[in-house]
Amino acid sequence: MIETLQSLRFIFMMMIFMSHFAYRDIRAFDAGGDCGVAFFFLLSGFVCSLRYGRQVQESTFSYGKFMGRRIRKLYPLHLLCLVFFLVVSHSPIDFKVLLNLLLLQSWVPDADWYFSCNSVSWFLSSLMFCYLVFPWVYRNLSKSLSLAILIVYIAVYWFTPYDRVNAVLYVFPAVRFVDFYIGMLLCRFYERSKALPYYGWMEPLVIIVLLFTLAIYPDTDAKFRNAPLYWLVLVPLALVFVQQKGSVSRWLKSKPMLFLASLTMPLFLIHQMCIGILLHRLPEMPTVLMLMTCIFVTLMISWGVHVIFSRLLRL
């Protein structure tokens with residue numbers, strides 16, 4: 001993966017982390033959560049296209065190997081987190097657990113279902129659908145397909161009632177595929193552009209625009225802010241940082257940032273459970289110390305999980 005984009009994964013992961021941390025004077029950073037989710041779907045579409053797009057076009061793509069790699073990368077950690085949740089929460093084994101086990105919970109448009117068990121795993125459920133349809137969609141990538149997807153998305157966006165925004169626009173796999181598809185289009189544009197223009201002011205500018213977007217989130221329409229709001233800034237942000245030319249890019253390519261980026265997936269899957277346990281066990285801890293403790297403990301556990309799954313088990 002392009003190193004700057006890899007390190008940006010950690011930045012956006014910490015936005016998601018802060019969207020789940022609410023303690024005393026610190027409110028949940030909801031804007032960061034929605035932005036981080038949109039970024040990860042978009043980035044996944046970009047990376048899949050960059051790595052496998054040519055294979056799909058040249059008919060050398062192996063669907064079995066592709067899905068096998070995705071499952072080996074995601075499923076063991078998902079299963080570990082699911083088992084840990086069941087043990088700690090003493091939850092009964094029911095149909096919700098079965099859907100979580102099969103990563104199908106996001107297809108049920110009910111928060112009690114798609115946010116059940118380790119609630120953040122809804123993302124894996126929706127992402128797995130994106131992986132399943134990726135080769136077919138890439139093979140048929142065209143203006144006509146893009147127009148059809150746009151029309152369907154606008155219709156779904158328009159007719160979704162506000163009390164179903166989370167279930168339909170935020171979680172539902174077929175709808176979140178639009179973010180993934182934008183990443184695919186972005187990769188196609190990147191590969192076909194001989195030389196993207198770059199100026200020194202571009203990195204600071206896209207960061208300022210991102211911060212502005214996060215700031216206006218609370219006053220933005222609930223439908224629009226679920227993803228379209230962030231598409232407007234994430235697309236140019238990705239195109240700027242994929243060039244890896246500015247001072248911020250040099251920082252993103254540093255060894256500490258690349259190391260933190262390698263912990264993104266375990267960090268994503270365990271952070272909410274870690275926060276919940278620490279808030280429950282240490283209710284009197286000062287606010288800043290609690291935040292630092294949650295970040296430190298989650299990072300240490302993520303590091304340990306990364307070592308076990310990525311090195312010892314060679315997954």
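Where is the place of L98? L98 sits in helix 4. I start there because L98 belongs to a surface patch that I want to show you, and its relative accessible area of 37% makes it partly exposed. Before going on, please note that this is a predicted model.

So, the nonpolar patch. Its members are L79, V83, F84, V87, V88, F95, L98, L101, L102, L104, W107 and I277, and together they have about 990 Å² of accessible area. Two elements, helix 3 and helix 4 (95-101), each give two or more residues to the patch. Helix 3 has the largest share, with five residues.

Now to charge pairing. Side chains of opposite charge can pair when their charged atoms come close. How many salt bridges does the count come to? The count comes to one salt bridge. The partners are R176 and D179, and their closest N and O atoms are 3.0 Å apart. Both residues are in helix 9, residues 173-192, and they are three residues apart, so about one helical turn separates them. Is this pair buried or exposed? R176 has a relative accessible area of 0%, so R176 is buried. D179 comes to 1%, and is therefore buried as well.

Last, the backbone. Two residues deserve a look on the phi axis. S59 is not a glycine, yet has a positive phi of about 60°. S59 lies in the loop that runs between helix 2 (30-57) and helix 3. With a relative accessible area of 66%, S59 is exposed.

The other residue is Q244. Its phi is also positive, about 55°, and Q244 is not a glycine either. Where is Q244 found? Q244 is in the loop between helix 11 (228-241) and helix 12 (247-252). At 26% relative accessibility, Q244 counts as partly exposed.

The salt bridge joins R176 and D179, and positive phi values occur at S59 and at Q244. That is what I have.

Terms used. Residues numbered from 1 in each chain as written. Predicted model: local features only at pLDDT ≥ 70, side-chain atom pairs only at ≥ 80, totals over all residues. Heavy atoms only, no water. Salt bridge = Lys/Arg side-chain N within 4 Å of Asp/Glu carboxyl O. Helix = DSSP H or I, 4+ residues; strand = E, 2+ residues; numbered from the N terminus. Buried < 20%, exposed > 50% of the residue type's maximum accessible area, 1.4 Å probe, protein only. Patch = residues over 30% accessible without salt bridge, like charges linked within 9 Å, V, L, I, M, F, W, Y side chains within 5 Å. Areas by Shrake-Rupley, 256 points an atom, 1.4 Å probe, with all protein chains shown as cover.
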